[in-house]
Amino acid sequence: MFDKYMQIPFYTQIAILDNLLKDDILKKEPEAVEVILKAIKNNVELRKHFFRKSLSSEWLPILWDKGFFTSPPPPVKSEHGSYLANWDAQEYLLSVATQYPSLVVEHILSMQVEPAYISGAIACLPRLDVQTVEKTIPRIIEWISIPDVAVSLQDTIVALITYLARENNSKAFELFDIIICPVKPSSANENVYLTSSPSVSVIGEHRFIDDDSDFHEMIKVLKAFDVHKFIYSIENALAAAISLENENRNYDRSSTSWRASIENSGQNWHHYYKDDLLDALRDTFFEIIDVDSVARPRIDYYLSQSQNGLFKRLGIYALTVDKNKYFDIARRELLSNANYNDVEIYHEFVLLLESKYQQLAKVDQVELIKHIQAGPSLEGEHSLVNSKLENRYWKLQRLWGIRQYLEGEIAKELEEIISEFGPPEHHTFLNWHSGSYWITEASPISNDDIAALTHEQLVNYLRDWYPAQIPGISPNKTTRRGLANAVANFVVNHAEHNMECLLNICRVGPVFSSAIFSQLSPRTNNDKSPIIDWDTVLNLSNNLISDDHIKFSMERDDLIGWREVRNDIVKILVSGIGDHECQMSFENILITRDLLLILANDPDPIDNDAETGDFFEKNDPHTIAHNHVRPQALSGLIEYALRVSMNSGSPPELRRLDVTVQPAIEKLLCDPNYAVHSIFGRYLNNLYWIDEEWLSKNLFAIFPEDENQIGMYVSAWDSYVVFNYSLYIPLCKLLYPHYERSVKNIKSGYVTKSHLVPSERLGAHLVLFYMESANDLEIDDHSKTLLYNFFEVAGANERRQTAWSLVYTCRVQSKAGIDVNKWWPKALSFWQHRLDFTSLQNSHKEFDKEMASFVHLLEIAPNSETLGSLWIILKNMLPYIAINSVRNEVWNSMEQFIFQHAASESILAIELYKEMYKSKPRGGSWIDATKPRYILETCAKNDESRTITLFLIDTLARAGDHRYRDIYERYAI
């Protein structure tokens, strides 16, 4: 009977089960009960449905006898490991716990399972009577004594402690002491990242200060039950935390420097569990401080803790809270000479001194002042070093807070010390931190000061002024750079400061020159072209570069040297010559060219070893080129040649490289520096446009064949593929051998390790080459294409990005209305080729990234493509649905394609959809069911596809997805 029952469709099984449970089956049909028990024992989803029903408590003894509560379900395996399944039987047990408390106790005592299931069982205990709960406490203590287990149980233990405390049961504190007991980080599942504080707790950080939490409610109830026991518990935990730390560091006495003040303060860097304990102890102690019989013994106890400075500090701080209470103890501490030299208690002791000094008798004040006048003692582990300077500052710190009460000799001495040191900042703290901030380099003079100086006075001031001393760390530093920025901003924007003044300021030093050029750099005005005073820029640049020291110096001053100034100059020049809309006069264009010719001989950058090292592993030449003079000068010369060529209006066959810059460009073509050489690759398209003949003649100088010059080759080639997004097919044909070599270079590792990822850009080039060049298009034999060879040697990320470039190229052509026959067959053919290749490999995981890109071709497939025409490709994509890293991308694209064709190809649609779920049963969206619902309902309407559709819905139901039950019931006739 059972086997036949299991062959019935799942929703039919549910209907039968529901009908059986409506009747009084436990009494009327014991055989049917056995069938149900056997069915739910072996069918997970049916069992879930069974326990979701509102079962009567009469089922519990029967289910108990059948062993439903002895073992939880096995872990569910996934790509990331495994996770615990819901134990529905236990949830039912807990729902009827009050009717069978003895079985709940037996269940807890016998459990040898994961903490998650233990937590569920403990959660029901507050619903039982306290005598029953007490029977489980020994077993619970065993569990929470294991830190890793206790971490998972903490929330339910907190609720249990709260319940026991409300019942005035002492077991509450027994459990509380265990969960707040400090442990080593390695033993607790804590987010511990400060190894200097090893003590943590299974309850986590900052639970004591969370006012809205269940933990806070537990604290309130425990205090109401017995506040004295609560204080003892926190004291013990805090002492244990400090002891554990001392043991870990082999200290006899622990430093308390981690806690700046006992009271809440911005100086407390609150990251430690022991901070939580101290705050809880302090706040609770002050709740009972008015009860003399309780508080006085605790204060005396704290003050006696010579080996635990934290408790002593707490005791001293307690004496400052009330001016009249415990004055006898405060007097004793103030007259103890040892306290004045103990830096551990300094903060709290100074607060006590300031709050109680005026209450002392005159004779006691005199004795106290004598202690301070004597100065710091050399004795004691925690005393200060004694020197004349430190002696006087030591006195200032302790006398400052009581200065208004001082008279005579000590008052006069304090005045002398204040005149020497000034008023102390934050005198109650030995150390003070102000937080983090940006440091601003400030000018020592204001704009008004600058305006008041003559040109000669200003230049002399700039030449002579230096900071009086090395500035300390503060939000504002007065520096020469700050002065330079202020002066440059003022003089550049005031016409009365003429060229001679600007030049003289620049010559004061590179820091001032750099600031001037920074002010003269391009600035936009209402989104128009940059506004530059080219006459001023070129005049200044020409005058400075005419100075041989400025022209060749590589030295630095304040991190800025003349090299940086020349770099500022060349960048402005290149920005102007390269902007063909820039309003630069013909004369200024020629001056710019001449300056660039001079800068093309700049010593910066120096040799490859110093600047680039092994660029396959370190810096990349094309990035270095952007920040150095000679490469930028070469960029400017090519930009100049381009502007001349464009203005000539000559046809391609007559265009030539401008003769005034050609020698310099050809000289730099022989420059051995990688960064310089990379510029030729960057401007390869431009050079081809300017002068095809020149480029063809010099192509092998740009891309040398000699393997010993592989660095030169790669620096130029990688710059070419990175910076040239538009391809000239004629140039690509000319470069075909170099494209071939670049693919081989990838295999050999000859690729710049750059954030610009030249290997990915090469892939994009090859996609365009493949899509547009007939010479590289052999659809019947992809092994003859460069794109094929690239995919053979490229890494997973490069393949994914290249596949995406293929999709992007097709999308652009589709939007542009280009004939689909010119791009779709090529793209589809290559996708099919890659699927054929990957199907022969051992692992699909290696190719998941590229397939996650290729699948987006479905989004731009022409209307002529159907499920039938793409059936082989779609079937071959199924394995990638099972790979978690790309599951959603592949699933969504395929589901969308099925969605579009479900009405016209219902049989194929549901067949493919079924295979998708078979590859990944939980692959569908659990947020938006719009598309799957449409697909399933559309296919269920069709007589020919209905059977498979209902089977799929039934399969989903067995896996726990019941969102489409209404469709099943509507069409399952």
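Guide: What follows is a short exchange about cysteines and salt bridges. This is a predicted model, in which local features need pLDDT of at least 70 and side-chain atom pairs count only at pLDDT 80 or more, while totals for chains, interfaces and linings use all residues. Residues are numbered from 1 along each chain as its sequence is written, and side-chain values use heavy atoms, with hydrogens and water left out.

Visitor: How many disulfides are there?
Guide: A disulfide is taken here as a pair of cysteine sulfur atoms within 2.5 Å. For Cys506 the nearest cysteine sulfur, that of Cys501, is 9.5 Å away, and Cys506 is in no disulfide. By this rule the count is zero.

Visitor: Is Cys506 buried or exposed?
Guide: Buried means under 20% relative accessible area, exposed means over 50%, and partly exposed lies in between (1.4 Å probe, protein chains only). Because its relative accessibility is 0%, Cys506 counts as buried.

Visitor: Which residue forms a salt bridge with Asp279?
Guide: A salt bridge needs a side-chain nitrogen of Lys or Arg within 4 Å of a carboxyl oxygen of Asp or Glu. Here the closest N and O atoms are 2.6 Å apart, and both residues of the pair are buried. The partner of Asp279 is Arg259.
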